[in-house]
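Keep the sequence and the 3D view side by side.

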Amino acid sequence: MSALALSQMPAVETPKADSLTCAVVDDSLIDRYLICHALKEVFDDSVTIEFATATEARRYFEAGAVDVILADRILPDGDGADFALSPPEGAAVLLLSGEDCGDIADRLGATGRSRFLHKDDLSGARLAEELATLLKARKEAGTEQQSASRPSEPGHTLSPVTRGLRLL
């Protein structure tokens, strides 16, 4: 994304005191949709910002704070694990991939601020579980900047839209 295009990005609404600001970093438009849909199932008041590349996301993180980053492992211009292993100030990171990443998953668990979730396991319920763990660790570490909305309890593991799009 060029500097001109970045400067013309629409302003992101200022989050409410009880909302969660989430950044979704994934080069796949379909995967970004699935992730954002699952987020809305869990945190209905969340503000979600989408990025197709690591460069776009990093530029935003320099100027704006986020509570949670949901990043794909393989990006066209980098590795999403970089966000997970060295997260921006105050952000928790959920690294997502369609491939097994056992080596990285073990390292992330040790940080307390990052976790790994296989994309095949992506659902509202699983996302709620992973984010609750991350946000609890962030709160215990004393870095919580805003109160997060409580996750809802979805009654299913995969929504029909998620199941359908994962088949594509």
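Contact here means heavy atoms within 4.5 Å. By that rule, alanine 23 touches Ile49, Phe51, Phe61, Val66, Val68, Ile69 and Leu70, leaving aside residues up to four places away in sequence.

The model is predicted: local features need pLDDT of at least 70, side-chain atom pairs count only at pLDDT 80 or more, and totals for chains, interfaces and linings use all residues. Residues are numbered from 1 along each chain as its sequence is written, and side-chain values use heavy atoms, with hydrogens and water left out.

Start with the whole chain. The protein chain has seven helices and seven strands. Helices (H or I, at least four residues) and strands (E, at least two) are DSSP runs, numbered from the N terminus. Along the sequence they follow the pattern α-β-α-β-α-β-β-β-α-β-α-β-α-α. Of the contacts with a separation of 6 or more in the protein chain, 64% involve residues 24 or more positions apart.

Next, the surface. The accessible surface of the protein chain is about 8500 Å², and carbon and sulfur atoms contribute 51% of that. Such areas come from the Shrake-Rupley method with a 1.4 Å probe; for residues, only the protein chains shown count as cover. Of the 168 residues, 43% count as buried. Buried means under 20% relative accessible area, exposed over 50%, and partly exposed in between (1.4 Å probe, protein chains only).

How far is alanine 23 from aspartate 67 in sequence and in space? They are 44 residues apart in sequence and 8.1 Å apart in space, C-alpha to C-alpha. Alanine 23 sits in strand β1 (residues 21–25). Its relative accessible area is 0%, so alanine 23 is buried.

Now the rings. The whole structure holds four aromatic pairs. Rings of Phe, Tyr and Trp (its six-membered ring) pair if their centres lie within 6.5 Å; planes under 30 degrees apart are stacked, over 60 edge-to-face, and the rest tilted. Phenylalanine 51 and tyrosine 60 form a tilted pair, 5.6 Å centre to centre with 45° between the planes. Tyrosine 60 and phenylalanine 61 are edge-to-face, because their centres lie 6.4 Å apart and their planes meet at 75°. Ring pairs link Phe51, Tyr60, Phe61 and Phe83 into a cluster. Phenylalanine 51 is buried at 1% relative accessibility. Phenylalanine 61 is buried too, at 13%.

Last, confidence. pLDDT is the predictor's confidence in each residue, from 0 to 100. The mean for the protein chain is 75, and 66% of its residues reach 70 or more. Over residues 143–158 the pLDDT is below 50, yet this stretch has 42 contacts in the model beyond near neighbours in sequence.
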